Amino acid sequence: MDISNKEIGGRIKEVRKERGITQEQLAEYADISVDFVSLVETGRSSLKVPTLAKIASALNISTDYLIYGSAHYTENPKINAMLSKVPDSKKNQVEKLIALFLSATSSDDSKKNKNLST
């Protein structure tokens, strides 16, 4: 399998743009320089694993997608853009709110399905 810096950089750039994040913001979120983001996105620089992990985390995407690009992610770009802006200190609270929301809406769906079958 051929893995190129240009392909990885292109996927990083694609996801960053879909998330509505600038190179400056990505650099800040991943704790790297803006110049390095530019070099990576154009394939002129390679990534060490810890840096790749930081970028993936900042973009809220798997490293597998960034490296292999074989299975396109099915995440919602708008939601991911919002989540990427949540400070680490608040992420636990956001996760709990999402879990609560999903629990509430799934029980609503169950009630609707039950009423339809009777």
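Reader: What is the nearest side chain of opposite charge to arginine 11, given that this residue is buried yet has no salt bridge?
Author: In this predicted model, the nearest side chain of opposite charge to arginine 11 is glutamate 7, which is 4.4 Å away. Because a salt bridge needs a side-chain nitrogen of Lys or Arg within 4 Å of a carboxyl oxygen of Asp or Glu, arginine 11 is left without one, although it is buried.

Reader: Where does arginine 11 lie, and which residues does it touch?
Author: Arginine 11 belongs to helix α1, which covers residues 5–18. Leaving aside residues up to four places away in sequence, arginine 11 touches Tyr65, Leu66, Ile67, Tyr68 and Gly69.

Reader: Stepping back, how many helices and strands are there in the protein?
Author: The protein has seven helices and zero strands, and the pattern read along the sequence is α-α-α-α-α-α-α.

Reader: And what share of the residues is buried?
Author: Of the 118 residues in the protein, 25% are buried. The accessible surface comes to about 8000 Å², and 54% of that surface belongs to carbon and sulfur atoms.

Reader: Which residues make the nonpolar surface patch?
Author: Ile98, Phe101 and Leu102 make a nonpolar surface patch of about 300 Å². Phenylalanine 101 lies in helix α7, residues 88–117, and it counts as exposed because its relative accessibility is 52%, where exposed means over 50%.

Reader: Switching to backbone angles, what is phi of aspartate 31, and where is that residue?
Author: Phi of aspartate 31 is near 60°, a positive value in a residue other than glycine. Aspartate 31 sits in the loop between α2 (23–30) and α3 (34–41), and with a relative accessible area of 61% it is exposed.

Reader: Last one: how many residues apart in sequence are methionine 82 and arginine 19, and what is their C-alpha to C-alpha distance?
Author: Methionine 82 and arginine 19 are 63 residues apart in sequence, while their C-alpha atoms are 8.2 Å apart in space. Methionine 82 is in helix α6, residues 77–84, and is exposed, with a relative accessible area of 55%. For the protein, among contacts between residues at least 6 apart in sequence, 56% join residues at least 24 apart.

Conventions:
Residues numbered from 1 in each chain as written. Predicted model: local features only at pLDDT ≥ 70, side-chain atom pairs only at ≥ 80, totals over all residues. Heavy atoms only, no water. Patch = residues over 30% accessible without salt bridge, like charges linked within 9 Å, V, L, I, M, F, W, Y side chains within 5 Å. Areas by Shrake-Rupley, 256 points an atom, 1.4 Å probe, with all protein chains shown as cover. Helix = DSSP H or I, 4+ residues; strand = E, 2+ residues; numbered from the N terminus. Buried < 20%, exposed > 50% of the residue type's maximum accessible area, 1.4 Å probe, protein only. Lys, Arg positive; Asp, Glu negative; His and termini not counted. Contact = heavy atoms within 4.5 Å.
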